[in-house]
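Try each task yourself before reading its solution.

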Amino acid sequence: MNNALIQLLVLAGIAVFLILKLRSVLGTREGFEKPPLADEVKKPVPRGFEVIEGGTDRDITDHAADGSPTARALAAMKQVEPDFSVNTFLQGARGAYEMILMAFERGDIAAIRPFLSQDVYDSFAAAVQAREEQGLTVEANFVGIREMALHDATFDDATREAEVSVRFTGELTTVVRNKAGDVIEGSPTEGKRQRDVWTFARVMGAADPNWQLVATGE
């Protein structure tokens, strides 16, 4: 045999040896592979989802415990007025708080009359009049709302009147001056925290979309 043929036979022998070795180590696969057993299949991790109908209303449960009297009152409001949104209401309450509070501090409550019940308007007007009779003036600057949360809600099925209470923690600077212009209270540079619980009311389903401030407290 010539050298080329000998080399070819040697290489062929090595190849056969390697194939047999691999078969003994890895095994063989013939035809279609069997599907994995059920317990070997990785089950997909369930992804969170929100039930649209008959499930939890996150617009309510983000602000009140599910099943609480407050949550049930808010749900009743939505039954009468499906477009009612707690989130949208709270956004409006935030703006109303600053507007009404600043109007009261500055003694200009005529502009906010439509947003106040008669009792609240009378109370505000009496306080403003008392300041004027003493010759006091107030300079106020609203810094911002530090905290705000829904406090309570009630709904009267018979009258469809809804009441929603909101807890505010606002920060503002106030300066009270006497007739001579002297500062007798407050500071133009040092802010103060003011905590209030305001209750807004409205008849759900009524044509007038405005809520009125019907009570104030701490």
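**Exercise 1.** At roughly what angle do the axes of H4 and H5 cross, and which residues meet there?

*Solution.* Start with the axes, which are lines fitted to C-alpha atoms, for helices over the stretch in contact, with angles running from 0 to 180 degrees between N-to-C directions. In this predicted model, the axes of H4 and H5 cross at roughly 35 degrees and come within 10 Å. Helices (H or I, at least four residues) and strands (E, at least two) are DSSP runs numbered from the N terminus.

Next, look for contacts, meaning heavy atoms within 4.5 Å. From H4, Ile100, Phe104 and Glu105 meet Phe124, Ala127, Val128 and Arg131 of H5. Sorted by type, this set has five nonpolar residues, two charged and no polar. Here Ala, Val, Leu, Ile, Met, Phe, Trp, Tyr, Cys and Pro count as nonpolar, Asp, Glu, Lys and Arg as charged, and the others, Gly among them, as polar.

A word on conventions: residues are numbered from 1 along each chain as its sequence is written, and side-chain values use heavy atoms, leaving out hydrogens and water. Local features need pLDDT of at least 70 and side-chain atom pairs count only at pLDDT 80 or more, while totals for chains, interfaces and linings use all residues.

**Exercise 2.** How many residues does the largest nonpolar core have, and which have the most contacts inside it?

*Solution.* Such a core is a set of buried (under 20% relative accessible area, 1.4 Å probe, protein chains only) Ala, Val, Leu, Ile, Met, Phe, Trp, Tyr and Cys residues joined through side-chain atoms within 4.5 Å. The largest one has 44 residues, and Leu74, Met77, Phe89 and Phe200 have the most contacts inside it. Elements that each supply at least two of its residues include H3 (69-80), H4 (86-105) and E4 (192-203). H4 provides the largest share, eleven residues.

Then zoom in on Met77: beyond its neighbours within four places in sequence, its contacts include Phe84, Ala153, Phe155 and Met204.

**Exercise 3.** Which helix gives the most to the lining of the largest pocket?

*Solution.* A pocket is an open set of points on a 1 Å grid over the protein atoms alone, where a 1.4 Å probe fits, with protein on both sides within 12 Å along at least five of seven lines; lining residues have an atom within 4 Å of a point. The largest pocket holds about 390 Å³, a volume filled by probe spheres set on the points. Among its 17 lining residues, Phe89, Gly92, Pro209, Asn210 and Trp211 are the closest to its centre. The helix is H4, with seven residues.

How values were computed: Buried means under 20% relative accessible area, exposed over 50%, partly exposed in between (1.4 Å probe, protein chains only).
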